[in-house]
Amino acid sequence: MRIQTVLLFFVVLISLSQTRLCAQPNTNLILGFQAGQTSINSLSVSQNTLIGYQAGSHVTTSANTFLGYLAGGEATSGNFNTLVGVQAGQRITTGSHNLMLGTNAGMYTLSGSHNLYLGADAGAGAGVNGDYNVALGRAAGLSNAGGTGNIFLGSNADASARNLTNSVAIGTDAKVAVSNAIVLGSPLANVGIGTSAPTTRLYLSSGTTGQSGLRLENLTSNQPAVALNAVKFLTVDASGNVVLGSLGASDAMNHQADKWTAEGELLRNANVGGVVIGNVTRTPTGYGLYVAKGLLTERVKVAVASTADWSDKVFEPGYQLPSLERVAGFIQQRGHLPNVPSAREIVQQGNDLGRTDALLLQKIEELTLYLIDLKKEVSQLRRQDRLKTARIRRLETPHAVHP
């Protein structure tokens, strides 16, 4: 037992010989190899607790607590920082009043102040130098570069844009992309209020039949309506509660509701004329919809009445393909292709997309036939050229001379 005590004493001595242990009158506590090596002999630096390999090795200010391998290892002038964990706040330099707890928490923060990072890799992304941010959870706030006053709660809760302000992301993988916004959960998460089993993106349960649980304080029934002439609609009562409403039999309706009928998933207008949207100045007969300013859609499909209205006739036997000389003469005289409307005709009559597409395809098919004929002519000329070349070579080759 006495031998074990002696051996333990020597082990402690060897350990202390490899570390710096300092409890100076200036109230610093420094423990660990190269921990607080810059401030260890400075009488102007006080109230620091630096424990761990190179913990606060460059710190020159007071009132810091660094605990862990390389915790605050590159810190210089910041103060009132508490960094706990392997490489926690390792590169912080001028930042102050930060609390970073967890492996790599706030590792790349340089100048940020008044931040709270709790969890492995919380706030540990490059360039995360904002102020007054809170990140709780593994890798929370990892991309919050330059952000200020943001809150990230949950594993991987983060910002998906730089320099955000006053934004909140709550829940695993929750991402916020704009300032002054709150995001609850990941893109696929459901949010429940008054229920523990939400089945939609926002599920409200008031607990009382006939009440929605949603109140709009500044939108009441005393305000003028925006959507008019609806049969059933969501509205609000005098207190701002959202309720389902309908028009009464005595309500005046300044529209022809009987002209519109719902047929399955279709809404049909029974008016023999057409429907006008916007300030349309010309409404020629023969059309059912007139739209001013333009029509934006992701897909347009034009019905074709029959195969005769398409242009595959070009490839049928007996089709009279006009000669290129005739086409050139027509272009020189008219200024456009044969059978294709001129610019003036398009302006006057409009562009019939179905007919125009058929005409353009017809010209493409005619060009294809021209190219096929041209290829035949080129191939024939090449064959004739090869025959002439071979004949010239035979004529130029001298006859063999025999001894």
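The legends below describe close-up views of a predicted model.

**View 1. Salt bridge between Lys363 and Glu366 in helix 4.** A search of the whole structure turns up one salt bridge. Lys363 pairs with Glu366, and their closest N and O atoms are 3.6 Å apart. The two residues lie three positions apart in helix 4 (residues 353–396), so about one helical turn separates Lys363 from Glu366. Lys363 and Glu366 are both buried, that is, under 20% relative accessible area.

**View 2. Nonpolar patch on the surface.** The patch is formed by Ile193, Leu202, Leu204, Leu214, Leu216 and Leu219. Together these residues have about 480 Å² of accessible area.

**View 3. Leu219, a member of the nonpolar patch.** Leu219 sits in the loop that runs between strand 15 (202–204) and strand 16 (232–236). With a relative accessible area of 42%, Leu219 is partly exposed. Residues need over 30% relative accessible area to be counted in a patch, and Leu219, at 42%, therefore passes this cut-off.

**View 4. The largest pocket and its volume.** The space in the largest pocket amounts to about 630 Å³. Strand 21 (289–291) and helix 3 (343–349) are the elements that each give two or more residues to its lining. Strand 21 contributes the most, with three residues.

**View 5. Lining residues of the largest pocket.** The lining consists of 15 residues. Those nearest the centre of the pocket are Tyr287, Leu289, Gln349, Gly350 and Asn351. Sorted by class, the lining has eight nonpolar, five polar and two charged residues.

Technical notes:
Residues are numbered from 1 along each chain as its sequence is written. This is a predicted model: local features need pLDDT of at least 70, side-chain atom pairs count only at pLDDT 80 or more; totals for chains, interfaces and linings use all residues. Side-chain values use heavy atoms; hydrogens and water are left out. A salt bridge is a side-chain nitrogen of Lys or Arg within 4 Å of a carboxyl oxygen of Asp or Glu. Helices (H or I, at least four residues) and strands (E, at least two) are DSSP runs, numbered from the N terminus. Buried means under 20% relative accessible area, exposed over 50%, partly exposed in between (1.4 Å probe, protein chains only). Patches are made of residues with over 30% relative accessible area and no salt bridge: like charges are joined within 9 Å, nonpolar side chains (Val, Leu, Ile, Met, Phe, Trp, Tyr) within 5 Å. Accessible areas come from the Shrake-Rupley method with a 1.4 Å probe; for residues, only the protein chains shown count as cover. On a 1 Å grid over the protein atoms alone, a cavity is a set of points where a 1.4 Å probe fits but cannot get out, and a pocket is an open set with protein on both sides within 12 Å along at least five of seven lines; lining residues have an atom within 4 Å of a point. Grid points are joined across faces, edges and corners, and a volume is the space filled by probe spheres set on the points. Ala, Val, Leu, Ile, Met, Phe, Trp, Tyr, Cys and Pro count as nonpolar, Asp, Glu, Lys and Arg as charged, and the others, Gly among them, as polar.
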